[in-house]
Amino acid sequence: QVQLVESGGGLVQAGGSVSLSCGASESIFEISYAAWVREAPGKQRELVASMGTSGITYYGDFVKGRFTISRDNSKSTVYLQMNNLKPEDTAVYYCNLAIRRTSDSGILNLWGQGTQVTVSS
């Protein structure tokens, strides 16, 4: 069973940067869709960034050019580079990938285990 493994995150000061990664536990054929969502205490889960197969990206309004989602298909890994972090970015960040294990397989929707990002003021 393919799983996603997230890494990165931690404690950072406001204005700092953090890089998150989300990799499949085995080599896969394709990442059809990738997204990062976050959940802060007392708030609804919100979409941070997403990327489709074509590479077209979407970012939440609150990102305002500070974050970048990227993908390395050869490593079956998706990244989220976060710059100029603010205390309100504090949340657990989850990756969500829609993948195909082989060229003949259907889409499999997977979630990472989540990683905490805490931004101090």
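The sections below treat the model and then each topic in turn.

## Model and conventions

This is a predicted model, in which local features need pLDDT of at least 70 and side-chain atom pairs count only at pLDDT 80 or more, while totals for chains, interfaces and linings use all residues. Residues are numbered from 1 along each chain as its sequence is written, and side-chain values use heavy atoms, with hydrogens and water left out.

## Nonpolar core

The largest nonpolar core has 30 residues, of which W36, L80, M82 and Y93 touch the most other members. Such a core is a set of buried Ala, Val, Leu, Ile, Met, Phe, Trp, Tyr and Cys residues joined through side-chain atoms within 4.5 Å. Buried means under 20% relative accessible area, exposed over 50%, and partly exposed in between (1.4 Å probe, protein chains only). Two or more core residues come from each of β3 (18-24), β4 (30-39), β5 (46-52), β7 (67-72), β8 (77-82), β9 (91-100) and β11 (115-120). The largest contribution, five residues, is from β9. Strands (E, at least two residues) and helices (H or I, at least four) are DSSP runs numbered from the N terminus.

Contact is taken as heavy atoms within 4.5 Å. Not counting residues up to four places away in sequence, Y93 touches E6, L20, W36, V37, R38, V48, F67, L80, M82, G114, T115 and V117.

## Charge over rings

The charged end of R45 sits over the ring of Y94, 4.3 Å from the ring centre. R45 also lies over the face of W111, at 5.2 Å from the ring centre. The criterion is NZ of Lys or CZ of Arg within 6 Å of the ring centre and within 35 degrees of the ring normal.

## Strands around β8

Strands pair if DSSP finds at least two bridges between them. β8 is antiparallel to β3 over six bridges, and six bridges also join β8 to β7, again antiparallel. T77 in β8 stands opposite G23 and is the bridge partner of D72.

The hairpin of β7 and β8 has four residues between the strands, and S76 there takes a positive phi near 50°. S76 counts as buried because its relative accessibility is 2%. Leaving aside neighbours within four places in sequence, S76 is in contact with C22, G23, A24, E26, S27, I28 and I31.

## Disulfide

The structure holds one disulfide, defined as a pair of cysteine sulfur atoms within 2.5 Å. C22 is joined to C95, with S to S at 2.0 Å. C22 lies in β3 and C95 in β9, so the pair ties together parts 73 residues apart in sequence. The S-S torsion of C22 and C95 is about 60°, so the disulfide is right-handed. C22 is buried at 0% relative accessibility, and C95 is buried at 0%.
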